[in-house]
Amino acid sequence: MGITDANEMPGTTKPGFDCILSERKAFDETKIGVKGLVDAGVKKIPTLFHHQPDKFEKASNLDNTCHVIPVIDLADIDKDPSIRQGIVDLIKEASETWGFFQVVNHGIPVSFLEEIKNGVKSSPALNWRDTFACYLAPDNPKPEDLPIVCRDILLEYGNHMMNLGTLLLELLSEALGLNSNHLKDMGCAEGLVALGHYYPACPEPQLTVGTTKHSDNDFLTVLLQDHIGGLQVLYQDKWIDITPVSGALVVNVGDLLQLVTNDRFKSVEHRVLANHVGPRISVASFFCTGHRSCSKLYGPIKELLSDDNPPKYRETTVADYAAYYEAKGLDGTTALTHYKI
């Protein structure tokens, strides 16, 4: 699995790059994280957190209810085939149009979601955030390797996520007109990586960003976010706010799912703004193959191809895609272009 740190700085030709690296190294060695800066009462953010101001235009849907990420209710999905088909149709439309949607009544208790957010908030922890990462599948992590404040809850969260990820892949398979097990049998959810993000309140949010613009280099991502907000998706060249919904989880298509569906489903760029208000807490769960070193090739699914819809991408391994994604860095372009035929 190639989850790239959004702190990564692409390219090495900018003036002062060595100075920036030195400044980052010095900050990393303090071990205090962004939270430590805020706790110390910083009023001016260090220059290594500065980003170009032209990236911070306001979202276009602040007063536009037409541009709202779909919220899909999974209640009673297995009780009535007509209800399931209705949900599949909504997921199909959202994945083809937005690449993002939110789900409610997903089977994970809201009280449990609050516990996992509290665990991230208490964890020890360049964008304006602190992050910890752990692999939850296919191999369970050793409990002693996890922060004690969220150890038990994180392992349980992984089990919940694997169940939800399997269900979502079934629904996405059906939305493609395939057998419900098709994407699962391809290994799209064998691996699971969780990233816990802690975004402290920022004294100068106009100068920085919580997470740089990017798309995800996995098959599917499920995000738990708190009430603070700040997540935005790029839709028709405009930034759209994803307004937090209590108890909901945000789902988005990853690059590899766009590749295997031959552009049927969209992996879109998104970002997180820095904010005067905080801390913002989120937990992102990334679904991919079980082992990054796997030699299995992934290309457009043959059942989706025809004379009118030939393959748009060449085959690649997950390891090769992840390596290219990481080497390219977060430069505002999609790694998928490199694999276009």
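Predicted model: local features only at pLDDT ≥ 70, side-chain atom pairs only at ≥ 80, totals over all residues.

Modeller: Strand β4, residues 191-199, runs antiparallel to strand β11, residues 280-288, over 9 bridges.

Biologist: Which residue in β11 is the bridge partner of Y199?

Modeller: Strands of a sheet pair through backbone hydrogen bonds, in a parallel or antiparallel sense. Here β4 and β11 are antiparallel. The bridge partner of Y199 in β11 is R280.

Biologist: What is the strand order of the open sheet?

Modeller: The sheet has 7 strands and mixed pairing. Its edge strands, β1 (71-73) and β3 (130-137), each pair on one side only. Neighbouring strands are turned by 25° against each other on average, direction ignored. The order is β1-β2-β9-β6-β11-β4-β3.

Biologist: How far is the sulfur of C288 from the closest cysteine sulfur?

Modeller: A disulfide is a covalent bond between the sulfur atoms of two cysteines. The cut-off for counting one is 2.5 Å between the sulfurs. The closest cysteine sulfur to that of C288 is in C188, too far for a bond, at a distance of 8.1 Å.

Biologist: Is R84 buried or exposed?

Modeller: R84 meets D78 in a salt bridge, with N and O 3.0 Å apart. D78 counts as exposed, because its relative accessibility is 64%. The value for R84 is 16%, under the 20% limit. So R84 counts as buried.

Biologist: In which helix do K117 and E114 lie?

Modeller: Side chains of opposite charge can pair when their charged atoms come close. The closest N and O atoms of K117 and E114 are 2.9 Å apart, in a salt bridge. K117 is buried at 10% relative accessible area, while E114 is partly exposed at 37%. They are 3 residues apart, about one turn, in helix α4.

Biologist: How many salt bridges are counted?

Modeller: One more pair is E96 with R264, at 3.1 Å from N to O. E96 is partly exposed at 23%, and R264 is partly exposed at 28%. The count of salt bridges comes to 10.

Biologist: What is the omega of the peptide bond that joins A137 and P138?

Modeller: Most peptide bonds are trans. The bond between A137 and P138 is cis. P138 lies in the loop between β3 and α5 (151-175). Omega for this bond is about 10°.

Biologist: What is the phi of D76?

Modeller: Most residues other than glycine have a negative phi. D76 is not a glycine, yet its phi is positive. D76 sits in the loop between β1 and α3 (81-97), and is partly exposed at 38%. Its phi is about 60°.

Biologist: Where is N105 found?

Modeller: N105 is not a glycine, yet has a positive phi of about 55°. N105 is in the loop between β2 (100-104) and α4.

Definitions and conventions
Residues numbered from 1 in each chain as written. Heavy atoms only, no water. Pairing = 2+ DSSP bridges. Helix = DSSP H or I, 4+ residues; strand = E, 2+ residues; numbered from the N terminus. Axes fitted to C-alpha atoms, helices over the stretch in contact; angles between N-to-C directions. Salt bridge = Lys/Arg side-chain N within 4 Å of Asp/Glu carboxyl O. Buried < 20%, exposed > 50% of the residue type's maximum accessible area, 1.4 Å probe, protein only.
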